[in-house]
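My notes follow in the order in which I checked things.

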Amino acid sequence: MAVEKQASRLFLSNVSGKAELGRMLGRYRQVDEEILSWKTELRLCKEQEAEIASASLSSPLTGMPRAKGGVADPTLRAVEKIIDQCQERAHNILARIQALMAERAQVDKLLEELDPIEQRIVRMRLIQRKGWIPISVTIRLCERQCQRICQKAVEKMAARMEECPVILVSDKK
């Protein structure tokens with residue numbers, strides 16, 4: 001009975017590894033576009049921060065009452081709060097970019113460890129999302145052989161991923 005539970009746990013952990021790998025392979029072709037999108041948003045965020053900072057410094061308000069040892073100007077406090085929010089947003093965007101780059105690097109490394117035929121089949125099926133018929137015609141093997149090769153390659157990659165997991169930077173803060 002204990003052996004069955006251990007085997008089912010092993011199977012479930014392997015399934016979760018395959019599920020994570022499938023998610024990563026499915027997202028792989030979109031990662032470059034997503035990184036570019038985040039970099040554009042980061043640039044816009046930094047431009048906005050610089051614009052707000054320069055505008056607040058170029059026209060300081062005078063004659064405003066000041067508290068002892070601190071700033072009593074509510075406009076300046078609001079501007080500082082907006083700048084802090086921009087900086088936090090920029091930090092979160094950088095963390096997302098790093099996470100995407102780490103994920104892409106991990107998939108590249110896992111693919112490099114496969115045989116050339118396995119690489120081609122995995123890329124065509126799971127990244128480019130081609131059907132089995134075009135894959136079998138390109139590879140010059142029957143559909144079933146391509147399916148078996150792909151299944152074994154995914155199992156290799158999932159096992160390798162569980163052996164050496166990559167710690168990704170969290171998106172949430």
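Before reading any angle I noted that axes are lines fitted to C-alpha atoms, for helices over the stretch in contact, with angles running from 0 to 180 degrees between N-to-C directions. Helices here are DSSP runs (H or I, at least four residues), numbered from the N terminus.

I kept in mind that this is a predicted model, in which local features need pLDDT of at least 70 and side-chain atom pairs count only at pLDDT 80 or more, while totals for chains, interfaces and linings use all residues. Residues are numbered from 1 along each chain as its sequence is written, and side-chain values use heavy atoms, with hydrogens and water left out.

I looked up H3 (residues 116-127) against H4 (residues 132-139) and found that their axes come within 10 Å and cross at roughly 150°. H3 is therefore roughly antiparallel to H4, a term that applies to angles over 145 degrees.

I then listed the contacts (heavy atoms within 4.5 Å): Ile117, Arg120, Ile121, Met124 and Arg125 of H3 meet Trp132, Pro134, Ile135, Thr138 and Ile139 of H4. By class, the residues of this contact are seven nonpolar, one polar and two charged.

Next I asked which residues of H3 are buried. They are Glu118, Ile121, Val122, Met124 and Ile127, where buried means under 20% relative accessible area with a 1.4 Å probe, protein chains only.

Leaving out residues up to four places away in sequence, Ile127 touches Leu25, Tyr28, Arg29, Leu111 and Val122. The C-alpha atoms of Ile127 and Arg29 are separated by 6.1 Å, although these residues lie 98 residues apart along the chain.

Note on methods: Helix = DSSP H or I, 4+ residues; strand = E, 2+ residues; numbered from the N terminus. Parallel < 35°, antiparallel > 145°, perpendicular 65-115°, else oblique. Nonpolar A, V, L, I, M, F, W, Y, C, P; charged D, E, K, R; others polar. Buried < 20%, exposed > 50% of the residue type's maximum accessible area, 1.4 Å probe, protein only.
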